Amino acid sequence: MVTSPRCGARTRDGTACRAPAVHGKCRCRMHGGAPRSGAPKGNRNAYRHGMCTPDGRAERHRMKTLLEDAWKLLNELK
């Protein structure tokens with residue numbers, strides 16, 4: 001047990017994890033070396049909502065310019 005390879009992860013205080021790595025992996029069971037660990041296929045945790053995509057930014061820019069033009073027109077009519 002003492003000579004087994006150690007986990008390569010870092011703890012919250014910045015020190016190395018002292019747990020032994022899972023056989024054939026570089027991490028311990030708590031840091032992702034467990035079988036079937038990790039994100040599932042078709043991971044919905046990484047789903048993009050579209051706000052930061054180029055299309056989303058362009059749409060927001062078009063809406064902003066449309067609203068600015070509408071406010072300018074309303075101020076001219078006053």
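## Close-up views of a predicted chain

**View 1. The whole chain.** The protein chain has one helix and zero strands; both are DSSP runs numbered from the N terminus, with at least four residues for helices (H or I) and at least two for strands (E). This is a predicted model, where local features need pLDDT of at least 70, side-chain atom pairs count only at pLDDT 80 or more, and totals for chains, interfaces and linings use all residues. Residues are numbered from 1 along each chain as its sequence is written, and side-chain values use heavy atoms, leaving out hydrogens and water. Along the principal axes, the C-alpha atoms fill a box of roughly 80 × 30 × 15 Å.

**View 2. The largest nonpolar core.** Here you can find Cys7, Ala9, Cys17, Ala19 and Cys28, the five residues of this core. Such a core is a set of buried Ala, Val, Leu, Ile, Met, Phe, Trp, Tyr and Cys residues joined through side-chain atoms within 4.5 Å. Buried means under 20% relative accessible area, exposed over 50%, and partly exposed in between (1.4 Å probe, protein chains only). Of the 78 residues in the chain, 10% count as buried.

**View 3. Around cysteine 17.** Setting aside residues up to four places away in sequence, cysteine 17 touches Arg6, Cys7, Ala9, Thr11, Cys28 and His31. A contact means heavy atoms within 4.5 Å.

**View 4. Tryptophan 71 on its helix.** Look for tryptophan 71 in helix H1, which covers residues 54-77. Is this side of the story buried or exposed? Tryptophan 71 is exposed, because its relative accessible area is 56%.
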